[in-house]
Amino acid sequence: MNVDLESLAEATSGAIGSLLSTTILYPLDTCKTKYQAEARSHGVGHRHVLDKKTQIILDVSCFIVYWNLSDVLWEAISNRQILSLYQGLGTKNLQSFFSQFVYFYGYSYFKRLYLEKSGYKSIGTRANLLIAAAAGAVTAITTQPLDTASSRMQTSAFGKSKGLLKTLTEGSWSDAFDGLSISLMLTTNPAIQYTVFDQLKNRVLTNNQNISEKGVSPTSLSAFMAFLLGAISKSIATCLTYPAIRCKVIIQAADADEESSKKLIKSPKTVSSVLYGIWKKEGILGYFKGLHAQILKTVLSSALLLMIKEKISATTWVLILAIKRYLLLPKGRVKNL
């Protein structure tokens, strides 16, 4: 079975870029996720079986309001739980690495396959969207349990996050795939992002007449330009898909109060019930609560990812070719070296 080395290089560089950007921005990601998931503490997705008076007391005790993104940070500081901003970092890194590896490999492989089968020299916007969506769907299915566990660990109370195995095994197997349907829906996000990025990248490289004159390969962007195009493309994708993003966070969020949750009966966490809950308690603006935080985090993360990927892709390609040549060398020649 032949391995597509070019797709492997793309996947490896993308996964490394994701790993680094996730680690750098993780405290911001934790604050952003807890801020978005606040609707969980309002009782979204739960049905009380207590009397009305006890229900009111219980609701007040679980009621935590984050008026701003910085409120989450101040909560961690006031409770002396700064390190808890990193709760779930290992799981998030694992999820980010595998998801980006699978996505970039699938995206690069499907794109090369399309060009070979169609005979075209370049890929159009519509085909690019379909290929990106297909790669995103494969990624969502294969990494959903890690994505769910990561969200639960981030939204747990500071200092009370559980380990990966305990988080995944405390519920049924289907619970590990909470939000899969909306994750599949959100494949349009990276599809839009990378399609916009590729189109902008092609235009920038095509319009740069000095590249060929200086003898530099026209297949790479400068670090600043990759960062800028990554930020623009992710901003567009985030604004268009944000209501679904917040809905997914709420579906996957951990219970606000473990003690009280024993006295509650969980209702099915469906997209329609979460959307209705947001509308009832927050109105239409609730669908966009935390949009600025999402843009800040994801734009920085994606821009860093694409910048790192662009800068290390050439090195990754050389290393993979070197490994391939080493593995294909006869044993006698290896010993002589």
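Colleague: Is Gln95 buried or exposed?

Modeller: This is a predicted model, and in it Gln95 has its place in helix H5. A residue counts as buried when its relative accessible area is under 20%. The value for Gln95 is 9%, so this residue is buried.

Colleague: What distance separates the end C-alpha atoms of helix H5, and what span should its residues cover?

Modeller: Helix H5 covers residues 89-118, and at 1.5 Å a residue its 30 residues should span 44 Å. That expectation agrees with the model, because the end C-alpha atoms of H5 are 42 Å apart.

Colleague: Which residue follows H5, and what is its phi?

Modeller: The helix is followed by a glycine, Gly119. The phi of Gly119 is positive, with a value near 85°.

Colleague: Where is Arg80 found, and is Arg80 buried or exposed?

Modeller: Arg80 lies in the loop between helix H4 (69-78) and H5. Its phi is near 55°, which is a positive value in a residue other than glycine. A residue counts as exposed when its relative accessible area is over 50%, and the 78% of Arg80 therefore makes this residue exposed.

Colleague: How are helices H11 and H13 oriented to each other?

Modeller: Helix H11 (residues 223-252) and helix H13 (residues 271-282) pack with their axes 10 Å apart, at an angle of about 105°. Angles from 65 to 115 degrees count as roughly perpendicular. H11 and H13 are therefore roughly perpendicular to each other.

Colleague: How many of the residues in the contact of H11 with H13 are nonpolar, and how many are charged?

Modeller: On the H11 side the residues are Arg246, Cys247, Ile250 and Ile251, and they meet Val271, Val274, Leu275, Ile278 and Glu282 in H13. No polar residue takes part in the contact of H11 with H13, whose residues divide into seven nonpolar and two charged.

Colleague: How many helices and strands are in the chain, and what share of its residues count as buried?

Modeller: The chain holds 15 helices and two strands. Of its 337 residues, the share that count as buried is 45%.

Methods: Residues numbered from 1 in each chain as written. Predicted model: local features only at pLDDT ≥ 70, side-chain atom pairs only at ≥ 80, totals over all residues. Heavy atoms only, no water. Axes fitted to C-alpha atoms, helices over the stretch in contact; angles between N-to-C directions. Helix = DSSP H or I, 4+ residues; strand = E, 2+ residues; numbered from the N terminus. Parallel < 35°, antiparallel > 145°, perpendicular 65-115°, else oblique. Contact = heavy atoms within 4.5 Å. Nonpolar A, V, L, I, M, F, W, Y, C, P; charged D, E, K, R; others polar. Buried < 20%, exposed > 50% of the residue type's maximum accessible area, 1.4 Å probe, protein only. Expected span 1.5 Å × (residues − 1).
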